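Dear colleague,

Please find below the structure that I am handing over to you. My notes on what was found in it follow directly after.

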Amino acid sequence: MEAGEEPLLLAELKPGRPHQFDWKSSCETWSVAFSPDGSWFAWSQGHCIVKLIPWPLEEQFIPKGFEAKSRSGKNETKGRGSPKEKTLDCGQIVWGLAFSPWPSPPSRKLWARHHPQVPDVSCLVLATGLNDGQIKIWEVQTGLLLLNLSGHQDVVRDLSFTPSGSLILVSASRDKTLRIWDLNKHGKQIQVLSGHLQWVYCCSISPDCSMLCSAAGEKSVFLWSMRSYTLIRKLEGHQSSVVSCDFSPDSALLVTASYDTNVIMWDPYTGERLRSLHHTQVDPAMDDSDVHISSLRSVCFSPEGLYLATVADDRLLRIWALELKTPIAFAPMTNGLCCTFFPHGGVIATGTRDGHVQFWTAPRVLSSLKHLCRKALRSFLTTYQVLALPIPKKMKEFLTYRTF
């Protein structure tokens, strides 16, 4: 889609007939994820099942007949030599999903230890956070269970790997803690982060691996150091529970989404609130008295850092351009719970309370040279380092995202 066009529904995946589990096995899709290289899509389809779906890398990555095939409930994605769809039975309701980056060479020891028959090569893994506090680690290529991480006392709501490939995993739980695990050390728990007073809904690691943000149904958001695992600061500004957070690709911005219907854009280095995006009611037929009608569920940055996507309870997926205060596009979606961008751009995946996944067109733009330069510089310079540069004030304002 071009900037300004409405998102089009490309395809929709629906769960097959519900499995005969006990009544507690809900059908919601609380989490969807693309692998960092864009070759796999993971879908927690409810009923304790995660589907691993191969994703083509070509530009035309929604294959012909994809929609019809997905609706028929077939379990195989066919293609010449392509990997097949896998079904992971987690035995518990799945809340959080995270793919590892492609691991760095030292991580090979883990896979060699668990699978002596497997060649000594790095592999992609998927972490699943479960209802009983367990975290299961799966090898994507084979669908084999590699590790079971125990420690949390309640639902593991969200998971995040460090983007560096070090196989450090952060988990966020309803037991009000975050835990840090090292998969290179056979899943050893290396830190417990305490301080939240409510369920921890969301955790996000900055792309430069320096910071961790956590949102816990409180009005404030916690920023932690990923080097010392200590609290850096609390960000205060929301009027209700914060439920979702995400860093920009250059780590220079942090967005948080709240039940107060606002997304706040922060400078994570200074703690400064840069701007708010308000989710106003679009459908006049909806009841004004329901204050939760626009409660936010999820927010995420696009891979080039120029757009945001949000999912709210008013049945809309919104796409925002970074420099504008109103959405550039809307798409109708019922019961949305989560959203994520395809890592190479052009597609947004959303998960719903009905267990469905929908794929939407997302804006495709060529980043300006200015933005590319800013992104490159901000990937290794903090706000304070930019402000100390001997350059004109206007340039500093642009580099620190103060020119909205």
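The notes begin with the aromatic rings. A search of the whole of this predicted model finds nine aromatic pairs. One of them is formed by Trp30 and Trp95, which are stacked, with 4.7 Å from centre to centre and 20 degrees between the planes. This pair links distant parts of the chain: Trp30 belongs to the loop between strand E1 (9-13) and strand E2 (32-34), Trp95 belongs to strand E6 (residues 94-99), and the two are 65 residues apart. Trp30 is buried, with a relative accessible area of 13%, and Trp95 counts as buried at 8% relative accessibility.

Phe34 and Phe342 give another aromatic pair. Their ring centres are 5.1 Å apart and their planes stand at 80 degrees, so the pair is edge-to-face. Because Phe34 lies in strand E2 and Phe342 in the loop between strand E26 (336-341) and strand E27 (347-352), this pair ties together parts that are 308 residues apart in sequence. Both Phe34 and Phe342 are buried. They also belong to a cluster in which ring pairs link Phe34, Phe41, Trp55, Phe342 and Phe359.

Aromatic rings also meet charged side chains here. Arg174 lies over the face of Trp199, at 3.9 Å from the ring centre. Likewise, Arg374 is placed over the face of Phe398, with 4.1 Å to the ring centre.

Next come the salt bridges, of which the structure holds seven. One of them joins Glu85 and Lys51, whose closest N and O atoms are 3.6 Å apart.

Arg179 is buried at 11% relative accessibility, and Asp175 is buried with a relative accessible area of 17%.

Arg402 forms a salt bridge with Asp267, and here the closest N and O atoms are 2.7 Å apart. Arg402 is in the segment after helix H5 (393-399) and Asp267 is in strand E20 (residues 262-267), so the pair ties together parts that are 135 residues apart in sequence. Arg402 counts as partly exposed at 26% relative accessibility, whereas Asp267 counts as buried at 1%. Salt bridges that share partners join Asp267, Glu272 and Arg402 into one network.

Tyr229 has a positive phi of about 55 degrees although it is not a glycine. Tyr229 sits in the loop between strand E16 (220-225) and strand E17 (231-236), and it counts as buried at 16% relative accessibility. Tyr401, which is not a glycine either, has a positive phi of about 60 degrees. Tyr401 is found in the segment after H5 and counts as buried at 3% relative accessibility.

As for the protein chain as a whole, its secondary structure comes to five helices and 28 strands. Of its 404 residues, 57% are buried. Among contacts between residues at least 6 apart in sequence, 52% join residues at least 24 apart. The chain exposes about 17400 Å², and carbon and sulfur atoms supply 53% of that area.

Finally, a word on confidence. The protein chain averages a pLDDT of 85, and 81% of the residues score at least 70. Which stretches have a pLDDT under 50? Over residues 104-109 the pLDDT stays under 50, and the model has seven contacts beyond four places in sequence for them. The pLDDT is also below 50 over residues 116-121, a stretch with three contacts in the model beyond near neighbours in sequence. Where pLDDT is low, the predicted coordinates should not be read in detail.

Yours sincerely,

A colleague

Methods:
Residues are numbered from 1 along each chain as its sequence is written. Side-chain values use heavy atoms; hydrogens and water are left out. A salt bridge is a side-chain nitrogen of Lys or Arg within 4 Å of a carboxyl oxygen of Asp or Glu. Buried means under 20% relative accessible area, exposed over 50%, partly exposed in between (1.4 Å probe, protein chains only). Helices (H or I, at least four residues) and strands (E, at least two) are DSSP runs, numbered from the N terminus. Contact means heavy atoms within 4.5 Å. Accessible areas come from the Shrake-Rupley method with a 1.4 Å probe; for residues, only the protein chains shown count as cover. pLDDT is the predictor's confidence in each residue, from 0 to 100. Rings of Phe, Tyr and Trp (its six-membered ring) pair if their centres lie within 6.5 Å; planes under 30 degrees apart count as stacked, over 60 as edge-to-face and the rest as tilted. A charge sits over a ring if NZ of Lys or CZ of Arg is within 6 Å of the ring centre and within 35 degrees of the ring normal.
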